[in-house]
Amino acid sequence: MKKLAELTPDKNNNLNLIRILAAFAVLISHSFAIVTGDVEAEPLRALLGVTPGTLAVDVFFVTSGLLLANSLSKKGNALEFIISRVARIYPALIVAVLLTVFVLGPVFTKLTFIDYLQNKATYTYLLKTATLVRDVGYTLPGVFSDNPLYNQVNGSLWTLPFELKMYILLFCTWYACKVMARSQASQFLKLGVLGITAVAGILYAREYVTSGGVDSMHSISRFVFIFFSGACLGLYQERVLISPGILGVALLAIVVSATNKMAFFFVWHALIGYAVVLLAYQSSHLLARYNKVGDYSYGVYIYAFSIQQALMAAMVDISVTHMIFYSSIVTAMFAFLSWHLIEKPVMKKKNLFLARLKFCATT
């Protein structure tokens, strides 16, 4: 049995594999709604009260909180944190939005090409979705208006503004601790993150109970709790035990609790962060080989929904099974190109830029 702190220095973990599986879980969940037009059509929703796609989003937020809190605490560099987050989110997103607005939109709109380009709503979508300042756009004029899930262009992107808010909240918490506590900043950061997690968890559980067991996907307390649960694990990693036995017990508890919606809600949220960490740091040379392939999860996430809607518009009678199959292939292609042509090159340039900044600061 090892402690998480002993394993985090090793970059050859299973986090990339977990994220790509989560991204495809979102794709699979959305396939049911896109084909049928019914957001309640996903089979597991009736059993769990949520879809695998919703659970996959939790996995994304846990891993983000884990990695970013650990990095910010150890490196303590505000400029590096900001530049890294901007470089990771925006270049690939902006390219995806531009392709959506100026390639996919004109092909699938009911309007004429000129009317589409002259419509104010086209540029409202462009600006809102590419900046994430407040929210994302959901519709483009005349695009997918005849689809079962009509008018929705890229329903997956709604979580990105929440992700951005979590980065800001974590950064502000760290910076406040750094300014006020100084020499004890790391200890105060741990306590601050733990406190935020506890408060958010209480508020989210209260919302769930008072709603009669209806899970609110868009609740800010949900995202704060999940993200900062991951952050807690990252900051308290010297106390987190990792072993196959504990992983087995955690996964068994989650599976058994699925027989009751309310039980599943509390067990899932209590254990998801720990379960992700346990899975991520189980030693497996076979699984870890995926890291050499690349990190395609973000590309899958930002392209899948629009591709599925386009396939739905082009293949009216497509089944859910065929939608999953065809959209997985096309989305994987776009994710591959996004990683190798945009994300990976940008991250390399970001690292070179930060190295030059550090060099200038020390000379």
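**Close-up views of a predicted model**

View 1. Glutamine 237 lies in the loop between helix H10 (220-235) and strand S2 (241-242); helices (H or I, at least four residues) and strands (E, at least two) are DSSP runs numbered from the N terminus. Its relative accessibility is 6%, so glutamine 237 counts as buried (under 20% relative accessible area; exposed is over 50%, partly exposed in between; 1.4 Å probe, protein chains only). The model is predicted, with local features requiring pLDDT of at least 70 and side-chain atom pairs pLDDT 80 or more, while totals for chains, interfaces and linings use all residues. Residues are numbered from 1 along each chain as its sequence is written, and side-chain values use heavy atoms, without hydrogens and water.

**View 2. Helix H2.** Of the 22 residues of H2, 16 are buried, so the helix is largely enclosed by the rest of the structure. H2 bends by about 25° at histidine 30 (angle between axes fitted to the seven residues ending there and the seven starting there). Glycine 37, with a positive phi near 80°, follows H2.

**View 3. Lining of the second largest pocket.** Val59, Leu251, Trp268, Ile272 and Leu279 lie nearest the centre of this pocket, among 25 lining residues (a pocket is an open set of points on a 1 Å grid over the protein atoms alone where a 1.4 Å probe fits, with protein on both sides within 12 Å along at least five of seven lines; lining residues have an atom within 4 Å of a point). H12 supplies the largest share of the lining, six residues.
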